[in-house]
Structures are given as structure tokens and as C-alpha cells.
Amino acid sequence: MNRLVTYNDVAMPAFIYGTAWKKDQTARLVELAVDSGFTAIDTANQLIHYQEALVGEALLALAKKGVKRESLFLQTKFTSVSGQDHRTPYDQSADLPTQVQQSFESSLKHLHTDYLDSYVLHGPHSRWGLSQADWDMWAAMEEYYQAGTTKMIGISNVQANQLQELCEKVSVKPMVVQNRCYAVMGWDKEVREICKAQGIIYQGFSLLTANQDVLRDPQVWEIAKRVGANPFQVIFRFALQIGMLPLTGTTNEQHMKDDLAVLTQFELSQDDLQTIETLAL
Ligand SMILES: NC(=O)c1ccc[n+]([C@@H]2O[C@H](COP(=O)([O-])OP(=O)(O)OC[C@H]3O[C@@H](n4cnc5c(N)ncnc54)[C@H](OP(=O)(O)O)[C@@H]3O)[C@@H](O)[C@H]2O)c1
């Protein structure tokens, strides 16, 4: 369960360390996360929520300690103007392909690398349908994939109908989807099912923060007690066992270890999975 393989045959770690909202603690926490055992890092070229350049600072410090670029999985995102403040990593008046190009090049600089493992479109322009802007951004990202400067491309914050349409119409369909995962939505079941059918890796975020009621549920506590884990770990293990790749944004060293321990420490039964999957429905 330590690696997942995309439909284009690229392996990726089964747990991702997310760097949103870490501000000036980003470099310290990324270094700590890698020292604790994480090998996959998620960021975005979007200064409102992420400090991509500080992720890069941590990578330099890690390289000095002998951590090789190839041993890490680096994922970042293109965020369009609507998701940015005035500090866009591109010329806002340029056309979309140019914006993607400038953002991508700036990400490589921030991360001190000449390739990415995964490049993700932070989200379609609107919650409903796909627009010309989405096709243009995707086509620009496809070029980086075709050139080999990113090993995979993906999309985030995507609705089921948008994902279906994207998969049907583009030349390179996404290898990864990254969505907020609500238990009340069957843990994003509709989108997960499309991912499964298309061979796309589903990355789930806010598994803990979006599901506080689940974390308080006596049934989850009972399962946790039985398997010798805590409820946070049970949710991450549940995510792994139903085929999801979880992200954690923990800032705590012990929690980093606890989160990674779910890869090997215990297993949930089919009944446990069924209970958790339907808990909030
Ligand atoms: N694509 C997007 O639009 C998007 C949006 C949001 C997030 N993301 C990505 O997803 C990442 C994760 O975000 P998230 O929303 O899932 O997480 P999060 O909100 O950053 O943090 C998870 C919360 O869970 C707690 N936690 C984690 N492990 C724990 C454990 N073992 N025991 C107790 N508490 C634990 C953390 O507290 P402690 O710090 O105390 O451990 C934190 O409060 C982000 O950093 C970002 O990379 C992407």
C-alpha cells in the first residue's frame, strides 16, 4: 500500500504531505515531514494559501542532508487569476497559455528542479461545466506533460460532470484528481467512481477537517479502540483502503508519524469500511 501507480505507469507515494497555510513555518515543516518519512509534497504557486518558494528552501536543506530530488514526489498547481490575489506568478494581462507557462517556469525555480512529478490545475473556472478557459489551460498543461517536464497532470476541485467531460474530450486525461472529501457526499463517491473507471488516482483532502462529526462518532471510536489506533488514523486508513490517496496538513511531528503509521500499523475489515463509508449518509 506504499505506492500507487497511475494509468500512464508512474508510481507515486500513497500519502501526501500538504503545505497549505503553513506560512513562514513552511520550510521547517516540510523538512520535518520528510525527516519523518513523507516523500510526497503538495504545494501551489498561489501566495494566498501556499509558500512554494519556502517548500523549495526546505528542498535545498534536505538536499544538503543527502535527500535526492528523485527520491521525492513534488506536486504543485496552476491557479488562475480568480484564485489569486495581486501577487500572481504571471502577467495577468497575458493569454492563458502564457500564464500557465510563466507559472510553471516560476514553480520550477521556486522548487529548484527541472521537472515536476505532478502538475495540477487548481480548479475549473466555474463550478458548472467547462469553459474555453479550462480547455486552454488544460492544453497548455498537456504540453508540459508531452515534453516530459511533468510526469503527470491533474485537476482539483472538480465536479463529476466536469471530470467526465474532461476525460472524454482531451488528448491527455488527468492522472490525478484532488478534491475535498465530505463524508456526507459519500466521501465524494461520484467523482471517485469516475476516477476508478478511468484509472485516475483520487487524492482526498480535508478528510479530517471536513468531517468533524465522523471523528466524534462513537462507531469510529469503537473501531479505533479495536484496531489500536485513534479516530484520525482510522479515517486515513479508511481512505487508503477504499482506494484514495490522502493528504494531511498536520503541523505536529507526532501526528506526522501517526499519519504515516496507518500505511502499515493496522487494517480495517470490510464491515468497518462499510460502516464508515455510509456513516454520514
Ligand atoms: N486543491 C485544493 O484546493 C486544496 C484545498 C485545501 C487543501 N489542499 C491540500 O491538502 C492539504 C491538507 O489539507 P487538509 O485540509 O486535509 O488538512 P489540514 O486542514 O491542513 O490539517 C489537517 C488537520 O488535521 C489535524 N491532524 C492531522 N493529523 C492528525 C493526527 N494524527 N491527529 C490529530 N490531528 C491531526 C491537524 O492538526 P495538527 O496540525 O495539530 O496535527 C490539522 O488541524 C493542504 O495542505 C493542501 O496541500 C488542497
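Aspartate 188 counts as buried, at 12% relative accessibility. Buried means under 20% relative accessible area, exposed means over 50%, and partly exposed lies in between, with a 1.4 Å probe and protein chains only. Aspartate 188 has a positive phi of about 60°, although it is not a glycine. Its place is the loop between E8 and helix H6 (189-198). Helices (H or I, at least four residues) and strands (E, at least two) are DSSP runs, numbered from the N terminus.

The model is predicted: local features need pLDDT of at least 70, side-chain atom pairs count only at pLDDT 80 or more, and totals for chains, interfaces and linings use all residues. Residues are numbered from 1 along each chain as its sequence is written, and side-chain values use heavy atoms, with hydrogens and water left out.

Asparagine 157 also has a positive phi, of about 50°, and is not a glycine. This residue lies in the loop between E7 and helix H5 (160-169). Asparagine 157 is partly exposed, with a relative accessible area of 35%.

Helix H5 also holds lysine 169. Lysine 169 counts as exposed, at 55% relative accessibility. Its side chain joins that of glutamate 165 in a polar contact of 2.9 Å. A polar contact is a pair of N or O atoms within 3.5 Å; within protein, one must be able to donate a hydrogen and the other to accept it, and residues adjacent in sequence count only if both atoms are side-chain atoms. Lysine 169 and tryptophan 135 are 34 residues apart along the chain, and their C-alpha atoms are separated by 9.2 Å.

Threonine 150 counts as buried, at 1% relative accessibility. Its side chain reaches the backbone nitrogen of tyrosine 119 at 3.4 Å. Not counting residues up to four places away in sequence, threonine 150 touches Phe104, Leu116, Asp117, Ser118, Tyr119, Tyr144 and Tyr145. Contact means heavy atoms within 4.5 Å.

Next comes the nonpolar interior. In soluble globular proteins, nonpolar side chains tend to be buried together. Here the largest nonpolar core has 92 residues. A nonpolar core is a set of buried Ala, Val, Leu, Ile, Met, Phe, Trp, Tyr and Cys residues joined through side-chain atoms within 4.5 Å. The residues with the most contacts inside the largest core are Leu163, Val177, Trp187, Val234, Ile235 and Leu268. H4 gives the most to this core, with seven residues.

Leucine 268 shows what such a residue touches. Leaving out residues up to four places away in sequence, its partners are Ile223, Val227, Val234, Arg237, Phe238, Gln241, Leu273 and Ile276.

Alanine 239 sits in helix H9 (residues 231-241). Alanine 239 is buried, with a relative accessible area of 0%. Beyond its neighbours within four places in sequence, alanine 239 is in contact with Leu207, Met244 and Pro246. Alanine 239 and isoleucine 276 are 37 residues apart along the chain, with their C-alpha atoms separated by 9.8 Å.

Now the ligand. There are 26 residues around the ligand, and Asp42, Ser206, Thr250, Thr251 and His255 come nearest. A residue is near a molecule or strand if one of its heavy atoms lies within 4 Å of it. By class, this shell has seven nonpolar, 14 polar and five charged residues. Ala, Val, Leu, Ile, Met, Phe, Trp, Tyr, Cys and Pro count as nonpolar, Asp, Glu, Lys and Arg as charged, and the others, Gly among them, as polar.

Serine 206 is found in the loop between strand E9 (201-205) and helix H7 (212-216). Serine 206 is buried, with a relative accessible area of 14%. Not counting residues up to four places away in sequence, serine 206 touches Arg180, Cys181 and Asn211.

Which atoms meet the ligand? A backbone N or O atom of glycine 18 lies 3.3 Å from an oxygen atom of the ligand. A side-chain N or O atom of histidine 255 is 2.5 Å from a ligand oxygen atom. A polar side-chain atom of aspartate 259 lies 2.7 Å from a ligand nitrogen atom. The protein covers 84% of the 900 Å² of accessible area that the ligand has on its own. Accessible areas come from the Shrake-Rupley method with a 1.4 Å probe; for residues, only the protein chains shown count as cover. Strand E8 (176-180), strand E10 (244-248) and helix H10 (253-261) are the elements that give two or more residues to the shell around the ligand. H10 gives the most, with three residues.
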